[in-house]
Amino acid sequence: MLNLVLFGPPGAGKGTQSQKLIDKYNLVHLSTGDLLRSEIAAGTELGLKAKSLMDQGLLVPDEVVIGMIANKLRENKDAGGFIFDGFPRTVPQAEGLDKMMAACGTEITCMIALQVDEEELTKRLLLRGQSSGRADDQNEDLIRKRVQEYNTKTAQVAKYYEQQGKFFSVHGIGEIEEIFGNSCEIIDRHLAKAKA
Ligand code: ADP
């Protein structure tokens, strides 16, 4: 099974690259941001609670996102692999994911981390906000808050995977195809190693 964690700050291009990786490797996409937005759209209690945090650029509690991922893993028992997008965002979430993977008899293959500097991120998110209508992408203060949450809480998740020898960094500025090609090279190397 190929289980990828796609990592990077808001606006790094996780959504774009996820879609291409899903198509190429036939993976099930699990994005906690998308799952939370569909809870909000459905007007659930969970969605209501999450919205007030997301509107402030803050992370929602670990147990909420871990629970959502657990449900999705149960619903997709026959999947050939997963791509985790926007999750894990804290070390406890990464630990939770390792436990869930082990319970499924599998593990995280590797983390692909897209590297983009803060000025470029802000530019991209403000542009995305104009077309997507996502409120959290339309306000520069909120974008900075999300990047700050990333720097204080999420960046440590990279170290967690580094300690397991599973962290791989990809330069996230430039042509979409080139970034994709560099990510595939890392993944294919893993797949070849797993087969050998
Ligand atoms: P982006 O990466 O562009 O910020 P996402 O769609 O991944 O967009 O996330 C939007 C918001 O949803 C985050 O700012 C955060 O409030 C919440 N969120 C998403 N995933 C998680 C997670 N794994 N843990 C906590 N909060 C999350």
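From the N terminus on, the elements of the protein chain follow the order β-α-β-α-α-α-β-α-β-α-α-β-α, where helices (H or I, at least four residues) and strands (E, at least two) are DSSP runs numbered from the N terminus. The model is predicted: local features need pLDDT of at least 70 and side-chain atom pairs pLDDT 80 or more, whereas totals for chains, interfaces and linings use all residues. Residues are numbered from 1 along each chain as its sequence is written, and side-chain values use heavy atoms, without hydrogens and water.

Begin with the C-alpha trace, which spans about 50 × 40 × 30 Å along its principal axes.

Next, select Pro 10, Lys 14, Arg 89, Arg 128 and Arg 134, which of the 45 lining residues are the closest to the centre of the largest pocket. A pocket here is an open set of points on a 1 Å grid over the protein atoms alone, where a 1.4 Å probe fits, with protein on both sides within 12 Å along at least five of seven lines; lining residues have an atom within 4 Å of a point. Then colour helix H2 (32-42), the source of the largest share of the lining, 5 residues.

Finally, display H5 (residues 91-103) and H7 (residues 140-163), which pack at an angle of about 40° with axes 8 Å apart; axes are lines fitted to C-alpha atoms over the stretch in contact, and angles run from 0 to 180 degrees between N-to-C directions. On H5, select Val 91, Ala 94, Glu 95, Leu 97 and Asp 98; on H7, Gln 156, Val 157, Tyr 160 and Tyr 161. These residues make the contact (heavy atoms within 4.5 Å).
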